[in-house]
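Please walk through the structure below, one local feature after another.

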Amino acid sequence: MRRSIGRLSAAGIAILIGTAFLTATLLAGTVINRITTDSIAAQFADSDLVVASNAGIDQAGVAEIRGTEGVEAADPQVLRAFELVSGGKRTYQVVVPTASDPRFEAQELVEGAMPARSGQIALPSDVAERLGLGLGDTVTVVRSVWTPNAEGAATEQGAPTDATDGETATPEETTPADGATDEAGSETAPTDQDAPVEEEPAGTFVDTNEKLTLVGTLDDPMGAYAQVGGAGVLSDEDLTAWEAESFVPGESATAYNAVLVALAPGADLEAVRSSVTGSLGGDTKVWTSAEYAKEQAAQMTGGEDVFTYVILTFAAIALLVAALVIANTFQVLVAQRTRTLALLRCVGADRKQLARSVLLEAVILGLVASVAGILFGIGLVQLALTVAGSMDLGIPLPSVVQVTPVAVLVPLLVGTIVTLVASFSPARAATRVAPLAALRPSDAPTLTSGAGRVRLAISSILVVGGAGLLVLGVLLGQQGSAEAGLLAATAGGAASFVGVLVGAIFWLPKVVSLVGKVLTGSGSTAKLAAANTLRNPRRTAATSTALLIGVTLVAMMSTGAVSARMSMNNELDGRYPVDVSLATDGYDEYGGNQPVALPQSTIGTAEKVDGVESVVPLTATSVTVDLDGNDVTFLARGVDPGAAAALVRDEKAVEGLAPGTVVVPAGVAEDWGISTGDELELAAAPLPEDANPQGTPATLEALVTPMGGRALLVTPQTLEGVATGTPVTSAWVGLADVNDAASVVPALQDALAETDLPIDVTGAAVERAMYQKVVDTILGVIVGLLAVAVVIALIGVANTLSLSVIERRRESATLRAIGLSRSQLRWMLAIEGMLIAGVGAVLGILLGIAYGWAGASAALAVMGDVTLAVPWRDVALVLVVALVAGLLASVIPGRSAARTSPVEALAVD
């Protein structure tokens, strides 16, 4: 083994990388679990116990806990969200009540103080900065109050909200005049029944504004509320009163999932735990804060460490590729030691001893490389923690990696076992060496014809059967059975890919040789390189297969991701055709809409923002439409057809819009049974400040389009005729590049912050950008993980060439003796390396694209038309990397071969 250290180095590096990956995965899983648990536990601060109940704990239960002997304080865990407004800036903020005991306070003060009385609030520092607030400034909190209808008011009156057309429609946008409105404000379709099945409270939620003074700014050092972007603190008095005013008559009182408990000095924790459990009964459980945090973390992941399992899949792929490299290495080493093994047989060594020698060598290599990989993996995780700790991530990070026995023992065992298993076939080959029949070097053992027929049969069955399942999965997905289709496609893809790998020895070397002959022309050096790939088909197949696995998976994920992204974009173009919307509309307590004109400067200001391509103004008012004898109130918008067609992402959304027509969103048409060509009569709807609107009803032809939202669209002239004096209440904004939405939308908000009226800046472009970021992030992580397998495979290419040079020293010397120059010898090896790597990469790309398309078709067909695309940039990058790596892999072997003189090489035994 000491004489073969150089030959074993590539196999050692392969297993080192694989075990390092496995170690890092296990340690990262431990770190993530610890971060999750610590973040949850941080919400409970320094509380001694947490009382939890799935059925909820009411105020009486809280009082019971507070009255338990040994309990000094008890607070229910409460999180509420309100809209905060400061000037033209708005944000939704989670808030918690002030704690009755300092041990319950999870956040720290940066400046000022905690709220001490009604009318005060403390906010996270970044939120206060975003809203432009300082200590002593006033911030407006928008909250909802349940208000019973005035006596004699029509309970069925409703009016549309002015929701953004590019966003998910809200039920208030269309309200049936003869229907009922539920407590949440959502519509119910009109029925033929004369009376509702059950009486519901008559009233509605009304937004009311509360002026609060900022008295403190907060920091969340342990990330207690990191998942909700930080939490503000309100006085318990305000939060309790507001909650009471938000109740609908007949609703049950608030019940809390958890109550924090602080014990009195000297109180016995277990005694208090037992007392509280006995007094509340039911499914009540009393935990320590650490126990409850672990329980909550387990519920979040379904009791499974999902992250670790996912990443372990990629570690398994890396180790599989490493096993191929190891098997290839030992196979060649056994072939090169044929004379040594034969001599050992001559002096009395039996077959079992030879096999044990090869296996022992593998075990030693696996142990040493695994230990090195474990140390390397620990170092990588520690480096990541050090770098992340220097960044302000807003979550608690451990400063030192916690090495667990599992993170050491599992990689050590797996690395050693993988190396041992990979050496079984070469060990069997060593036992077949006859004492007298193999006294000269020979090629690696080859398959017998019988074994070849069995392998071919298995390969064919897997490929054909897997391809059939793959097609079935695609068909099922197109028929709407996404889960069944994805399951069948996954099983079919896996089976067919295994079949391709099993049968690679039959076709892959021939493909490499054929490509070499086609591309290399008639040059003697290139011809020799192509011929060399066929000299040992098993080695060529194993090397290309190792690369094939990694490249196929990378190409598959890239293809699936780009197809998903394009399909998603097409779907979003139809569902949310408008990038961004600017609006300012008022609402009365009955849900009717009182139009409020946009400030005149809004359009010009928006057009000057970088990234904005066009701005189209829209007029709006409420209209009624007679549908099956019911007067239904809709929001109608007036927009110029030409300008709208140029701005929307999907021209079909406004196709046909002209005087005399009305565009009806597909969702509205489905709800109310409207079809293209129907005639709809639009009339101005009475509004709170205009009970008798001026205008003439108009009968228009309905055009059902994939327009998003629930507002009807007509031309401005048509809307002006229906309701005289309709103001411009909103504007559509088209972005030059929708991918810049995450930066353009905040810029719009800042530019419009100083207008006379608050302007809502919303849009689907932000959602689109978020989806794309999620897809790109997931793809980047997956490709990065699979890149480890590709790196190991490329090490295998270098290993194959190095061993090939050692094996062909006499051949190389003979070529040199008959006139082949050193540069030609190096170029021959370079061509061989690029052929093996390039063909493996091309075949992997083709397989990956096919699998990616099949997977996308099976999984995404349920959402609509699937756009199949090729990630040309990623494909080109993978191919270039493979070719360059194949070329670089030949440098050291080429120099070694060229450095040896012909006479010295021919003298080799």
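Asp628 sits in the loop that joins β16 (612-627) to β17 (630-638). The model is a predicted one, and its phi angle for Asp628 is near 55°, a positive value in a residue other than glycine. Most residues other than glycine have a negative phi. A second case is Ala45, with phi near 50°, again positive in a residue other than glycine. Ala45 is likewise placed in a loop, here between α1 (5-42) and β1 (49-57).

Next come the charged side chains. Side chains of opposite charge can pair when their charged atoms come close. Across the whole structure, a search finds 13 salt bridges.

On the surface, a nonpolar patch is formed by Leu409, Leu413, Ile417, Val421 and Phe424. Together these residues have about 480 Å² of accessible area. Which helix gives the largest share of the nonpolar patch? Helix α10 (residues 405-422) does, with four residues. Leu413 is one of the patch residues, and Leu413 lies in helix α10.

The last feature is a pair of helices. Two packed helices are described by the angle between their axes and the distance between the axes. For helix α25 (residues 872-889) and helix α26 (residues 891-899), the axes come within 4 Å and cross at roughly 30°. Angles under 35 degrees count as roughly parallel, so α25 is roughly parallel to α26. On the α25 side, Leu887, Leu888 and Ala889 make the contact, and they meet Val891, Ile892 and Pro893 in α26. The residues of this contact divide into six nonpolar, no polar and no charged.

Technical notes. Residues numbered from 1 in each chain as written. Predicted model: local features only at pLDDT ≥ 70, side-chain atom pairs only at ≥ 80, totals over all residues. Heavy atoms only, no water. Axes fitted to C-alpha atoms, helices over the stretch in contact; angles between N-to-C directions. Helix = DSSP H or I, 4+ residues; strand = E, 2+ residues; numbered from the N terminus. Parallel < 35°, antiparallel > 145°, perpendicular 65-115°, else oblique. Contact = heavy atoms within 4.5 Å. Nonpolar A, V, L, I, M, F, W, Y, C, P; charged D, E, K, R; others polar. Patch = residues over 30% accessible without salt bridge, like charges linked within 9 Å, V, L, I, M, F, W, Y side chains within 5 Å. Areas by Shrake-Rupley, 256 points an atom, 1.4 Å probe, with all protein chains shown as cover. Salt bridge = Lys/Arg side-chain N within 4 Å of Asp/Glu carboxyl O.
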